[in-house]
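Please keep the displayed structure in view while reading.

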Amino acid sequence: WPSEWCLEANKWAIQVLGGYGFTRDFPLEQIYRDNRLNMIHEGTAGIQSLDLLGRKTTMARGEAFKLFISRIEEACTRTSEDVDIAPYANVLRETLGHLSSTTRYLTTRMMEGDAEAAMSNSHEYLNAVGHVTIAWMWLEQAHAAKGQLSSGSDPDFLRGKVSAMKYFFDHELVKVP
């Protein structure tokens, strides 16, 4: 997931600079080339997605995936006490429900012998898991930042964390079906 989405972030950074983004005057050109290689040496997203859906979600009878889900649910519960963050925690909880039901559906199809149909959805599944994971991380960071705002240490940075979380939820997490 990161090999594709980091490249996407670099693409948008280059767009901000227009034609200058491709010149060696700015480090973006080198960062883009370096990140483009990640798609090769980290294993293709297709292979990673097959591994995630075909092995990781079902290993130990799904216990690792259940732990992943429970950690995110705990974060949603903990952060929902903050009136500003609660709506985002609720969105993540709802999206997590969709991801859980999708996982059950796809793994059931595999167990019933229709692995080809289930695995044909592995790339979109990888994108969904990646987006949910990053949304979880942003929720945790925004919650921590809000807790530190009263300390007076670097309020712009801390408010930026909250704004970045809101942006990710409003523009990226919505890509999860």
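Helices are DSSP runs of H or I with at least four residues, numbered from the N terminus. The model is predicted, and the structure holds nine salt bridges.

- Arg55 pairs with Asp51 in a salt bridge whose closest N and O atoms are 2.6 Å apart.
- Both Arg55 and Asp51 belong to helix α3 (residues 45–56), where they are four residues apart, about one turn of the helix.
- Arg55 counts as exposed because its relative accessibility is 56%, whereas Asp51 counts as buried at 17%.
- A network of salt bridges links Asp51, Arg55 and Lys56.

**Salt bridges of Lys146**

- Lys146 forms a salt bridge with Asp82, with the closest N and O atoms 3.3 Å apart.
- Asp82 lies in the loop between α4 and α5 (86–111) and Lys146 in helix α7 (residues 122–148), so this pair ties together parts that are 64 residues apart in sequence.
- Lys146 also meets Asp84 in a salt bridge of 2.6 Å, N to O.
- This second pair links distant parts of the chain, as Asp84 is in the loop between α4 and α5 and Lys146 is in helix α7, 62 residues apart.
- Asp82 is buried at 16% relative accessible area, while Lys146 is partly exposed at 21% and Asp84 is partly exposed at 42%.

- Thr79 is located in helix α4 (residues 63–79).
- Thr79 counts as buried because its relative accessibility is 0%.
- Apart from neighbours within four places in sequence, Thr79 contacts Ile85, Ala86, Ala89, Leu139 and His143.

Technical notes:
Residues numbered from 1 in each chain as written. Predicted model: local features only at pLDDT ≥ 70, side-chain atom pairs only at ≥ 80, totals over all residues. Heavy atoms only, no water. Helix = DSSP H or I, 4+ residues; strand = E, 2+ residues; numbered from the N terminus. Buried < 20%, exposed > 50% of the residue type's maximum accessible area, 1.4 Å probe, protein only. Contact = heavy atoms within 4.5 Å. Salt bridge = Lys/Arg side-chain N within 4 Å of Asp/Glu carboxyl O.
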